[in-house]
Amino acid sequence: MIHSYRFFYQIRQWCLDKIIGKNPNPLHIFITGGAGTGKSHLIKAIQYEAMRLLSTVCRHPDNTCVLLAAPTGIAAYNLNTTTIHNTLSIGKDVRLPYTPLSEEKLNCLRAKYSDLQILIIDEISMVDHNLLAYIHGRLRQIKQTCDFSPFGNVSIIAVGDFFQLPPVKGKPLYNDDILGINLWSSLFSVVELKTIVRQKDNTFAELLNRLRIRTKKTPMLNCDIDLLKKCETGEVSPALHIFPTNKQVNEHNVQQLFKTCPEYVEINAQDFAHNNKTGKLELKSGHHAKTYNTCLEETLLLGKGARVMLCKNVDVIDGLVNGVCGTVTNIVFLNSEHKFPQTVYVKFDDNQVGVQRRKCYAYASAAEMGSTGIKPEEERVHSKGGLRRQFPLKLAWACTVHKVQGITVDKAVVSLKKIFAPGQAYVALSRVKSLSGLIIQDFEEKAIYCKDSIKDAIQSMPRYSVRNIPWLKLKTQTFSVFLMNVQNLRHHLTDLVLHTQHLEPNCIAVTETWLPADISLETIHINGYNFHSQPRSLSYSSSNPTLTELQAQQHGGVGMYTSNSLACNVVQVPNVNLECLVCNYTAHNILIAVIYRPPSYPIFLFKGNLNKLFNFLEPLSNTIAVIGDFNDNILSSSTICKFITNRGYVQHVTQTTTEKGTLIDHVYVKTTHYTIKTTVLPTYFSDHEGIFCSFTCNTVNSNEEASGQV
């Protein structure tokens, strides 16, 4: 089993080798794994860290060195990026042989991507052989490689899950492409993530991962059947309904439209054809007999209050992408004939969708406030140049399984009736975030199965060799602490979990938590730990104007995750006017105090209050560790360090702890019973590094303590 942290640090090392001129070979890696294994967080971490490192060797600071893209609009929007087609100027029709890009367009791409080193492709299961060949061709053109160098010597990190649905058109990559050179099977090695890092509803994640790889011949576990049958409640819910077939979807949508929107309107597409005499496009009286490659419907039924989905990418940057859902708030016609609307206003479920477009429009009525105006789109619908003009919308009380791939919702009703393809049931069931949000209709065990050849294809791929990291072999200590300035705990919770899971520390101490006093502990829970918080707003009671001003400011604050397996209690410290939290680990007789000193906190005042803290703590234990972000760089100033070490404490961190090359995160320990070792661990989600601190019991003192001499 490969843990994501090991793979992350290997990619990081590849970047460092690139920087110092070692010129390592390009990477061709496939990252896969089931639900909750941290694929999305891993690629964000790789993107952030690789960009930070490789940007230092770019010829121009604005050049792109790491690129993240996805094959669909909804996947691209979720990653805050663009589609592969848009990024590399690839059209919808990707037929082979490869069609090179014109020099004019190519020069624009070369200007942007001349320093490109890594391309990360998410949702790789939806990429077929033709699209991969076009990515290869574009990158070769951009990089101007004369030989066959795969992808123009740009590293490719592909991320996804082949157990989800394959491309709508074309062969999936795990099937050999007989017609041409198979870029996939001949180049890529696999990294399979199996450790679940999701903090909420682990039971559901484990269930999904068993269903993901279940074959038709494998009996389902009784406990899994029981869990799924409990979701078959018969509840009538307004939540999104997911069906296998278009017929089921259309029936449900029309039924809901009649029920919800009695005054619905019928919007007939405007179809245009060339006049043979004039050569101009003219509006037809009817519709084209045959159309191809269009998502625009011939007849669209809409009404105020109708649930709708965008059916094409209108503006990926603004979130107006194929798959986003909302509710119709108004339909505006130019005149009283009500033949073809001017604008359909939609209030999208995600308020960020369409935010840029809303800034450009004046709202005609209060009902449209917060709604985005959707205009008709035009598409060529057949080879003779026929055109269709229609709103890029479709009813969305229900959607097909194919349509919801890439979407995650809080609640959904999933029908397993008429499942006709492997992976359909798994994709449908995995759209919800938790088991409590899942309602099942027509449960059938036989409907849940995967394609046997996928498992064989992944197993036959070469494994990407991930080396062990020496500093992670820290399993002999008696007690351990991980210290980190997280700079917003809620925002970086999953990152913190991924970063500490393999270390299994007894205590995770965090500074700059940025938490309010009334925080819900469920939102920052880590499995196996209890959390204790000391926010900035509750840390000061002094009338000193500096501290009063500090208390009113946002951010700051400290917290501590304590392992469920160890007895621990929070020590109530007399008011010392410090952002400080103290925990007593009674089994080991260790007091841990975590502190954050804001840069504006005067050092003379800080030392005075720190002195009060020490006077209170020192009678309580023989081993005291005072750790945290002191915002005092030991490499250039030793004011605080000298003050604390003069009291008999030893400062154990010797490496820089921030990206700026400063050492401001300190670990001070006074003990006669433990040997202390600290290791600075690089991170990607803060400009501070993490510090792993181990306490190993000294044998002699341990025996004395056991016999009651201490």
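**A colleague's note on this predicted model**

1. On confidence, the average pLDDT for the protein is 89, and 94% of the residues reach at least 70. The stretch to treat with care is residues 702-710, where the pLDDT falls below 50. Leaving aside near neighbours in sequence, that stretch has 8 contacts in the model.

2. Now the overall dimensions. The C-alpha trace spans about 105 × 60 × 55 Å along its principal axes. How does the radius of gyration sit against that of a compact globule? For 710 residues, a compact globule would come out near 27 Å, and the protein has 30 Å, so the two agree.

3. Next, some helix pairs. Two packed helices are described by the angle between their axes and by the distance between those axes. Start with helix 1 (residues 4-19) and helix 2 (residues 39-54): their axes are 10 Å apart and the packing angle is about 20°. An angle under 35 degrees counts as roughly parallel, so helix 1 is roughly parallel to helix 2. The crossing of helix 1 past helix 2 is right-handed.

4. Who touches whom in that pair? Helix 1 brings Ser4, Phe7, Phe8, Ile11, Arg12, Trp14, Cys15, Leu16, Lys18 and Ile19, while helix 2 brings Leu42, Ala45, Ile46, Glu49, Ala50, Arg52, Leu53 and Leu54. Sorted by class, this contact of helix 1 with helix 2 has 13 nonpolar, 1 polar and 4 charged residues.

5. Move along to helix 5 (residues 103-113) and helix 6 (residues 129-143). Parallel or perpendicular? The axes of helix 5 and helix 6 lie 9 Å apart at an angle of about 80°, and the range from 65 to 115 degrees counts as roughly perpendicular, so that is what helix 5 and helix 6 are to each other. From helix 5, Leu106, Leu109, Arg110 and Tyr113 meet Gln141, Ile142 and Lys143 of helix 6. The contact of helix 5 with helix 6 splits into 4 nonpolar, 1 polar and 2 charged residues.

6. Helix 8 (residues 202-212) and helix 9 (residues 222-230) are another pair to look at: their axes come within 11 Å and cross at roughly 115°. That makes helix 8 and helix 9 roughly perpendicular to each other, too. Helix 8 goes past helix 9 in a left-handed crossing. On the helix 8 side, Thr203, Leu207, Arg210 and Leu211 make the contact; on the helix 9 side, Asp224, Leu227 and Leu228 do. By class, the contact of helix 8 with helix 9 holds 4 nonpolar, 1 polar and 2 charged residues.

7. A couple of backbone details are worth a click. Between Leu96 and Pro97 the peptide bond is cis, with omega near 5°. You'll find Pro97 in the loop between helix 4 (84-87) and helix 5, the helix that packs with helix 6 in point 6.

8. Last stop, His555. His555 belongs to the loop that runs between helix 16 (545-552) and strand 25 (558-563).

Terms used: Residues numbered from 1 in each chain as written. Predicted model: local features only at pLDDT ≥ 70, side-chain atom pairs only at ≥ 80, totals over all residues. Heavy atoms only, no water. Axes fitted to C-alpha atoms, helices over the stretch in contact; angles between N-to-C directions. Helix = DSSP H or I, 4+ residues; strand = E, 2+ residues; numbered from the N terminus. Parallel < 35°, antiparallel > 145°, perpendicular 65-115°, else oblique. Left-handed = near helix turned anticlockwise from the far one by under 90°. Contact = heavy atoms within 4.5 Å. Nonpolar A, V, L, I, M, F, W, Y, C, P; charged D, E, K, R; others polar. pLDDT = per-residue confidence, 0-100. Rg over C-alpha atoms; globule rule 2.2 N^0.38 Å.
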